[in-house]
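This report covers one protein chain. It starts with a strand, then turns to the whole fold, the salt bridges and the surface.

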Amino acid sequence: MTPTGSTQQASRHAELGLTDDQAIDMYATMLTARKFDERNLLLQRAGKINFHVSGIGQEPAQVAAAFALDREQDYFLPYYRDYGFVLGVGMTVRELMLSVFAKAEDPNSGGRQMPGHFGHKKLRIVTGSSPVTTQVPHAVGIALAAKMKRKKFVSFVTFGEGSSNQGDFHEGCNFAGVHKLPVIIMCENNRYAISTPLHKSVSGNIYERAIGYGFPGIRVDGNDPLEVYRVVKEARERAVAGEGPTLIEAMMYRLSPHSTSDNDLAYRTKEEVDEYRAKDGVLHYKQYLIDCGIWNEEKDAELAQKIRAVIDDATEYGDRAPFPQPESVLRHVYAEDDREGGR
């Protein structure tokens, strides 16, 4: 997104049906995700948490997608970098921080999985697992249920470009295409599958793979949240109208290392990172709001202070919360048979 200050630029969110408050709320959610991510990097370096997978640079597309969906009835299957997305659909910073600290109150998994394995029954966030892309067939199955029950909800699933080569992705796309299911499949193409650059992991364009499965594929600038919002919203309208799935390839860049166990300068240069940092969608979207006349630096400073207070509170709460009890380790792992004499 390149801010211009023009009347046409300043009306983009209104043309998409977003109010000024909604446009600002999108930015606030992006900034919260960014600051949450940065806090986790500090916590890991300080030895407070064991591990963190960062999504810095990917927040604009994540948050925009969340705002374009129906947060009251759709189902969400995010992948492990989607802090912006899950905040956008309703998770709180405290809930995420409980997961980071692996505490018993963690709504994702009760402290049983690594951070980033999101799950929230009330918000219809379906928990993921460490094997990448297994969430795609799950999303397709949920979409099949929507079609069979004639319900007007969609499933939305994300993954990275490296995992687009997994069989789960192709099998899920094929089944969704055959049955014209209400599922939106979004690849967050951040150009690196851990340390493997895009040109060494993907042949051709990911969005064009949809052609072989009989439904539309769209590439979108993941740094432009309003364009991502438009594309996801249109994909949802297609899905609930019975027109089938859409594959979206959101082009972006991971500004941070793959994880706190990764030295990203071993496979990319500082100059490359700086080049993409100048294209940071969060900063450009902030400037867009200023150009629209609905935001300013004073409001931005106030928002940053509020976000810091929320993150400070969540950090303190998560740090002090109790860990899961050892006897609970197998809870929710096996089905419990409540029948008399059951095994």
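Strand β7 is covered on both faces: Thr246, Ile248 and Ala250 are buried on one side, and Leu247, Glu249 and Met251 are buried on the other. Buried means under 20% relative accessible area, exposed means over 50%, and partly exposed lies in between (1.4 Å probe, protein chains only). The strand spans residues 246–251, and six of its six residues are buried. Helices (H or I, at least four residues) and strands (E, at least two) are DSSP runs, numbered from the N terminus.

The model is predicted: local features need pLDDT of at least 70, side-chain atom pairs count only at pLDDT 80 or more, and totals for chains, interfaces and linings use all residues. Residues are numbered from 1 along each chain as its sequence is written, and side-chain values use heavy atoms, with hydrogens and water left out.

**Neighbours of β7**

Strand β3 (residues 183–189) runs parallel to β7, joined to it by six bridges. Two strands pair if DSSP finds at least two bridges between them. Ile185 has Leu247 as its bridge partner in β7. Strand β6 (residues 217–221) also pairs with β7 in the parallel sense, over five bridges. Here Gly217 has Leu247 as its bridge partner. From β6 the chain passes through helix α11 (residues 225–240) to β7, a right-handed β-α-β crossover. Right-handed means that, with the strands pointing away from the viewer, the path from the first strand over the helix to the second runs clockwise.

Helix α11 also holds Val231. Val231 is buried, at 3% relative accessible area.

**Whole chain**

The chain has 14 helices and seven strands. Its radius of gyration is 20 Å, close to the 20 Å that the globule rule gives for 343 residues, so the chain is as compact as a globular protein of that length. The radius is taken over C-alpha atoms, and the rule is 2.2 Å times the number of residues to the power 0.38. The C-alpha trace spans about 75 × 50 × 40 Å along its principal axes. Of the 343 residues, 52% count as buried.

**Salt bridges**

The structure holds 20 salt bridges. Each is a side-chain nitrogen of Lys or Arg within 4 Å of a carboxyl oxygen of Asp or Glu.

| Pair | N to O distance |
|---|---|
| Asp280 and Arg34 | 2.9 Å |
| Arg236 and Asp74 | 2.7 Å |
| Arg268 and Asp264 | 3.0 Å |

Arg236 sits in helix α11 and Asp74 in the loop between α4 (59–68) and β1 (75–77), so this pair ties together parts 162 residues apart in sequence. Arg236 is buried at 14%. Asp74 is buried at 0%. Arg268 is buried at 3%, and Asp264 at 10%. Asp280 and Arg34 are both buried. A network of salt bridges links Arg34, Glu59 and Asp280.

**Surface**

Where is the nonpolar surface patch of about 450 Å²? Val329, Leu330, Val333 and Tyr334 make it. Patches use residues with over 30% relative accessible area and no salt bridge; like charges are joined within 9 Å, and nonpolar side chains (Val, Leu, Ile, Met, Phe, Trp, Tyr) within 5 Å. Areas come from the Shrake-Rupley method with a 1.4 Å probe; for residues, only the protein chains shown count as cover. Leu330 lies in the segment after α14 (297–320). Leu330 is exposed, at 53% relative accessible area.
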